[in-house]
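This report describes one protein model by its helices, their packing and selected residues. Please read it alongside the sequence and the coordinates.

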Amino acid sequence: MNDNAITGAVIGLVGVLLGVFIGEFLRRRKEKQEIERMMKAISEELASVKLQIPLLKKAIDIQIKSLKSPKPVLATGFHQLFIDIGFKELFPKVYSNYCRIQRENLQSIYFRIRLVSQQMKLFPNDIDENYLRMKAVGVVNELSRETLYKEYEKKMNFLLELLAPVEAWIELFLTNRHEELYEAIGGIVEK
């Protein structure tokens, strides 16, 4: 083999290796950007939920006051986008990119939001209609409408208690104060 053939083979091999390394570098860079995009989407969705919590609290307060009116009507639902897209779809894809404390913080926030959302879905839209339906099937023979209203009021106050810390928890998460949030949620930070 002459020197030109060896040089050509070495240049060819170096070119192939360089191509592989550049291709792998670009693939990893694209993967990292995609993970960062998904993590940012989760944070943006949390920020959106944080803005809606005061509105939800106000809606619950209005509903509690509505229970004292002659014909109370309850609203239902909450911000489902975070629950369906942010947590169920994106979080599993980036799970390993969060540290243990961040994962547990996100799971605690999600759990509270989901619990409130599920509880709100359980409320009938029309309490009086629900009361009459329950009375018709014999579920509330001796239960008065006022007692039923008081039960709904207790449940709504419980929802307010569940929501009380979530806004602050989200703020701590968004400002990267993860250990402080973890302690607020009830975790013990190992130092």
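## Residue L159

L159 lies in helix α5, which covers residues 145–163; helices here are DSSP runs of H or I with at least four residues, strands are runs of E with at least two, and both are numbered from the N terminus. L159 counts as buried because its relative accessible area is 2%; buried means under 20%, exposed over 50% and partly exposed in between, with a 1.4 Å probe and protein chains only. The C-alpha atoms of L159 and I113 are 9.9 Å apart, while the two residues are 46 apart in sequence.

## Basis and confidence

This is a predicted model, in which local features need pLDDT of at least 70, side-chain atom pairs count only at pLDDT 80 or more, and totals for chains, interfaces and linings use all residues. Residues are numbered from 1 along each chain as its sequence is written, and side-chain values use heavy atoms, with hydrogens and water left out.

The protein chain has a mean pLDDT of 81, and 77% of its residues reach 70 or more; pLDDT is the predictor's confidence in each residue, from 0 to 100. Confidence is highest in α6, at a mean of 94, and lowest in helix α4 (residues 127–136), at 65. Where pLDDT is low, the predicted coordinates should not be read in detail.

## Overall content

The protein chain has seven helices and zero strands, in the order α-α-α-α-α-α-α along the sequence. Of its 191 residues, 32% are buried. Taking contacts between residues at least 6 apart in sequence, 75% join residues at least 24 apart; contact means heavy atoms within 4.5 Å.

Helix α1 comprises residues 3–66 and includes I35. I35 is buried, as its relative accessible area is 17%. Leaving aside residues up to four places away in sequence, I35 touches V94 and N97. The C-alpha atoms of I35 and V94 are 6.2 Å apart, although 59 residues separate the pair along the chain.

The axes of α1 and α6 are 9 Å apart, and the helices pack at an angle of about 160°; axes are lines fitted to C-alpha atoms, for helices over the stretch in contact, and angles run from 0 to 180 degrees between N-to-C directions. α1 is therefore roughly antiparallel to α6, a class for angles over 145 degrees, with under 35 counted as roughly parallel, 65 to 115 as roughly perpendicular and the rest as oblique. On the α1 side the contact includes S43, L46, A47 and V49, and on the α6 side V166, E167 and I170 are among the residues involved. The crossing of α1 and α6 is left-handed, meaning that the near helix is turned anticlockwise from the far one by less than a right angle; clockwise would be right-handed.

Helix α3 has 23 residues (100–122), and at 1.5 Å a residue it should span 33 Å, which agrees with the 33 Å between its end C-alpha atoms; the expected span is 1.5 Å times one less than the number of residues. Buried residues of α3 include I101, Q102, I109 and I113.

The axes of α3 and α7 cross at roughly 50° and come within 9 Å, so α3 is oblique to α7. Residues in this contact include R100, I101 and E104 of α3 and H178, L181 and Y182 of α7. The crossing is left-handed.

N176 sits in the loop between α6 (166–174) and α7 (178–185). N176 is exposed, because its relative accessible area is 60%. Its phi is near 60°, a positive value in a residue other than glycine.
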